[in-house]
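Take a first look at the fold before reading on.

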Amino acid sequence: MTVLTVARQGEAILGLVATAVADSEFGSEWLYQLNKAMMDTMLDRQGVGIAAPQVYISKRIIIVASRPNLRYPEAPYMEAVTMLNPEIISASATQVLGEEGCLSVPEQRGKVARAEEVEVRYFTLEGREIVQSFKGFPARIVQHEIDHLNGILFVEKLSET
């Protein structure tokens, strides 16, 4: 098990727009090792998602893995999905206010309005293109993690209500 150090709010890496994973990187050994280390880190920290910039890698890679745990006891279970170069191609007009936390901001939680449903285009570790829809809490995780790839932390989106 490889648990990586998680960047904390205020560190420069978290404010950068991450670089796309290049075609030549798909299927590479370093990508598989990074994916495993990100998964280990996320599970060790009781997270439901993680983005590569959170472990000091400025690449457009996220893992979405909704599951009940100490931080999110009501989370629905889903198989973990690793997304390379993810982009939201459509989002519902309906916004839902929900509580979020972040491995990079461990001492704070707050309410953030997010689209209830999103459709995402991404690539697998092998470079296969996927288009997939997410609804509810998994959709919230996707949006939160993609924000990380664009240098945005959830605390910048906290709702006043």
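Contact here means that heavy atoms lie within 4.5 Å. Leave aside its neighbours within four places in sequence, and alanine 113 is in contact with Gln95, Val96 and Leu97. Take glutamine 95 from that group. Alanine 113 and glutamine 95 are 18 residues apart in sequence, yet their C-alpha atoms are 5.9 Å apart in space. Alanine 113 itself belongs to strand E5, which covers residues 105-115. Is alanine 113 buried, exposed or partly exposed? Its relative accessible area is 37%. Buried would need under 20% and exposed over 50%, so alanine 113 is partly exposed.

All of this is read from a predicted model. Now step back to the whole protein. Its secondary structure comes to two helices and seven strands. Along the sequence the pattern is α-β-β-β-β-β-β-β-α.

E6 pairs with strand E3, residues 81-91, in the antiparallel sense. Five bridges join E3 and E6. Find alanine 91, and opposite it in E6 stands valine 118.

Glutamate 117 has lysine 135 of E7 as its bridge partner. Together E6 and E7 form a hairpin, with five residues between them. In the turn sits glycine 127, whose phi is positive at about 95°.

Phi deserves a further look. Most residues other than glycine have a negative phi. Which residues to check here? Tyrosine 56 is not a glycine, yet its phi is positive, about 65°. Tyrosine 56 lies in the loop between strand E1 (49-51) and strand E2 (61-64). With a relative accessible area of 36%, tyrosine 56 is partly exposed. Asparagine 85 also has a positive phi, near 50°, and is a residue other than glycine. Its place is in strand E3, the strand that pairs with E6. Is asparagine 85 buried or exposed? Its relative accessible area is 17%. The cut-off for buried is under 20%, so asparagine 85 is buried.

Finish with the protein as a whole. Its C-alpha atoms fill a box of roughly 45 × 30 × 30 Å along the principal axes. A compact globule of 161 residues would have a radius of gyration near 15 Å. The protein has 15 Å, so the two agree. Of the 161 residues, 50% count as buried. Consider the contacts with a separation of 6 or more: residues 24 or more positions apart account for 66% of them.

Definitions and conventions. Residues numbered from 1 in each chain as written. Predicted model: local features only at pLDDT ≥ 70, side-chain atom pairs only at ≥ 80, totals over all residues. Heavy atoms only, no water. Pairing = 2+ DSSP bridges. Helix = DSSP H or I, 4+ residues; strand = E, 2+ residues; numbered from the N terminus. Rg over C-alpha atoms; globule rule 2.2 N^0.38 Å. Buried < 20%, exposed > 50% of the residue type's maximum accessible area, 1.4 Å probe, protein only.
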